[in-house]
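Let's take a friendly walk through a protein model together. Have a look at the sequence and the 3D view first, and then read on.

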Amino acid sequence: MFPVTSLLLLVLISGFEQGWAKSDNVLYPYGSDQGDEKTPVEDDGTSGEVPLSIEFTFFGKKYKSLHVNNNGVISFSTAVSQYTPDAFPLTSGETFVTPFWGDVDNDLGGTVFYRETTDPSLLDQISEDMGRHLPHLHYKATWAFIATWDKVAYYGSASKKVNTFQAVLTSDGFHYIAILNYGDIQWTTGTASDGDPYTGLGGVPAQAGFNSGDNTHYFNIPGSRTKEVLNIQSTSNVNYPGRWVFQVDHFKVPGGCVFQGIYESYIYYLFSICLSIYFLLSI
């Protein structure tokens, strides 16, 4: 008889091979040919206030504008020039989504793009992805805002290391979602945050996640402000390496969520494993 433990091991290996295969094209289209705007080429710069054509709901509050900040932050209330990241929660009103809050210096390399869009082909792509990542929402995107930090250098860089990452806000008119996408990540820290000029590592590494500003809704992506954030392009909460997805309209977690989160597909996967164990032990 085939040992139950061996069979369970095969189930686990098979599931992880299927669910955590390397993702391609994790970033949505961006750049000048997509009609993107650019933030100023300056250290700690910002787009300034960008008006939105809809009201984006972020944990119960509605916003008609936002800021795209060079240091890896989309903020709703005010521009963010701070370059050394703090751990969430921040409780003094800071409301933002950050794919990679660190000391970007696009004067040394890279471009920060952004655009608001209702392009049907892009919205169809987002809808298809959300159908896979969050199937219970039956999501059909009608709007999106995309910000992309393309091959950006770090402050004080004495190397050619650059990072590419992206934040997407999207809505179907009922649900509001933040998507954080990671391309090639090569550095974690600028020299003003005590990083090494040649490696871009050490000091106070980048922070990733979101913060509602009132100590009730926040998320620190695992590895944030540690050296492990360098591997963020290989992590996910939706079984799609390099992508983190959050519903950010009315998500309720008392006391925030430092290590908890909406691990949708992973939860479904664990449930299937539990069912497999149950049936195997019943044989």
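A cavity is a set of grid points where a 1.4 Å probe fits but cannot get out. Rolling a probe the size of a water molecule over the atoms shows where empty space is left. Keep in mind that what you see is a predicted model.

**The cavity**

How many cavities of 30 Å³ or more does the structure hold? There is one cavity of that kind, and the volume of the largest cavity is about 30 Å³. Its lining is made up of Phe58, Phe59, Lys61, Tyr63, Thr95, Ser212 and Asp214. Sorted by class, three of these lining residues are nonpolar, two are polar and two are charged.

**The chain as a whole**

Three helices and twelve strands make up the list of elements in the chain. Of the 283 residues in the chain, 50% are buried. Now take the contacts between residues at least 6 apart in sequence: 67% of them join residues at least 24 apart.

Six of them form an open sheet, in the order 1-6-7-8-9-12, with antiparallel pairing. At its edges are strand 1 and strand 12 (243–247), each of which pairs on one side only.

Is strand 6 mostly covered or mostly open? It is mostly covered, as five of its seven residues are buried. Strand 1 (residues 37–38) runs antiparallel to strand 6, and two bridges join them. Strand 6 also pairs with strand 7 (residues 143–152), again in the antiparallel sense, over seven bridges. The table shows residues that stand opposite each other along these pairings.

| Residue | Stands opposite | Strand of the opposite residue |
|---|---|---|
| Lysine 38 | Phenylalanine 113 | Strand 6 |
| Valine 112 | Tryptophan 149 | Strand 7 |
| Threonine 117 | Alanine 144 | Strand 7 |

**Two nonpolar cores**

Which residues touch the most other members of the largest nonpolar core? They are Phe145, Leu169 and Tyr182, in a core of 40 residues. Strand 7 gives the most to this core, with five residues. A second, separate core has 19 residues, among them Leu123, Ala141, Ile179 and Val245.

Leaving aside residues up to four places away in sequence, leucine 169 touches Phe56, Leu66, Ile74, Phe76, Val97, Trp143, Ala144, Phe145, Ile177 and Ala178.

**A leucine in a loop**

Let's finish with another leucine. Where is leucine 108? It sits in the loop between strand 5 (96–101) and strand 6. Why does leucine 108 count as partly exposed? Buried means under 20% relative accessible area and exposed means over 50%, with partly exposed in between. Leucine 108 has a relative accessibility of 48%, so it counts as partly exposed.

What does leucine 108 touch, not counting residues up to four places away in sequence? Its partners are Ala153, Tyr154, Gly156 and Ser157. Leucine 108 and valine 41 are 67 residues apart in sequence, while in space they are 8.9 Å apart, C-alpha to C-alpha.

Definitions and conventions. Residues are numbered from 1 along each chain as its sequence is written. This is a predicted model: local features need pLDDT of at least 70, side-chain atom pairs count only at pLDDT 80 or more; totals for chains, interfaces and linings use all residues. Side-chain values use heavy atoms; hydrogens and water are left out. On a 1 Å grid over the protein atoms alone, a cavity is a set of points where a 1.4 Å probe fits but cannot get out, and a pocket is an open set with protein on both sides within 12 Å along at least five of seven lines; lining residues have an atom within 4 Å of a point. Grid points are joined across faces, edges and corners, and a volume is the space filled by probe spheres set on the points. Ala, Val, Leu, Ile, Met, Phe, Trp, Tyr, Cys and Pro count as nonpolar, Asp, Glu, Lys and Arg as charged, and the others, Gly among them, as polar. Buried means under 20% relative accessible area, exposed over 50%, partly exposed in between (1.4 Å probe, protein chains only). Helices (H or I, at least four residues) and strands (E, at least two) are DSSP runs, numbered from the N terminus. Two strands pair if DSSP finds at least two bridges between them. A nonpolar core is a set of buried Ala, Val, Leu, Ile, Met, Phe, Trp, Tyr and Cys residues joined through side-chain atoms within 4.5 Å. Contact means heavy atoms within 4.5 Å.
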